[in-house]
Amino acid sequence: MICPNLGCGKTISAPTNSRGKIVRCPYCNAPFRVPEPRPQQDPNGR
Ligand SMILES: [Zn+2]
C-alpha cells in the first residue's frame, strides 16, 4: 500500500496481522489505517 500522506507517498509493506489496525508510516510517521483485505473471487469462476 501507499502512504496516504501526499508529502510522503512511500510504498509501505505492512504485516498481515496489522490489517484493519492503525499503523504509522516509517518515513513520515503519519498514522493511518491499514485496509482490510477483500475476499478474492476467481474471475474464471472455477
Ligand atoms: Zn509516509
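Me: What share of the 46 residues in the protein is buried?
Reply: Buried residues come to 0% of the 46 residues. A residue is buried if 20 or more other C-beta atoms lie within 10 Å of its own, exposed if 12 or fewer, and partly exposed in between, with C-beta atoms placed from the backbone.

Me: Where does the model come from, and how are residues numbered?
Reply: This is a predicted model, in which local features need pLDDT of at least 70, side-chain atom pairs count only at pLDDT 80 or more, and totals for chains, interfaces and linings use all residues. Residues are numbered from 1 along each chain as its sequence is written.

Me: How many helices and strands are there?
Reply: The protein has zero helices and two strands. These are DSSP runs numbered from the N terminus: helices are H or I with at least four residues, strands E with at least two.

Me: What box do the C-alpha atoms fill?
Reply: Taken along the principal axes, the box is roughly 45 × 20 × 10 Å.

Me: Turning to Cys25, where is it found?
Reply: Cys25 belongs to the loop between S1 and S2.

Me: Why does Cys25 count as partly exposed?
Reply: Cys25 is partly exposed because it has 18 C-beta neighbours inside 10 Å.

Me: Which residues does Cys25 touch?
Reply: Leaving out residues up to four places away in sequence, Cys25 touches Cys3, Asn5, Cys8, Lys10, Ile12, Ala30 and Phe32. Two residues are in contact if their C-beta atoms, placed from the backbone, lie within 7 Å.

Me: And what separates Cys25 from Asp42?
Reply: Their C-alpha atoms are separated by 32 Å, with Cys25 and Asp42 being 17 residues apart along the chain. Pro35 and Cys25, 10 residues apart in sequence, have a C-alpha to C-alpha distance of 14 Å.

Me: Where is Pro35, then?
Reply: Pro35 is placed in the segment after S2. Pro35 is exposed, since 10 other C-beta atoms lie within 10 Å.

Me: What is the phi of Asn29?
Reply: Phi of Asn29 is near 65 degrees, which is a positive value in a residue other than glycine. Asn29 sits in the loop between S1 and strand S2 (31-33), and Asn29 is exposed, with 9 other C-beta atoms within 10 Å.

Me: Is Gly9 buried or exposed?
Reply: Gly9 counts as exposed because it has 12 C-beta neighbours inside 10 Å. Gly9 lies in the segment before strand S1 (22-24) and touches Ile2 and Cys3, not counting residues up to four places away in sequence.
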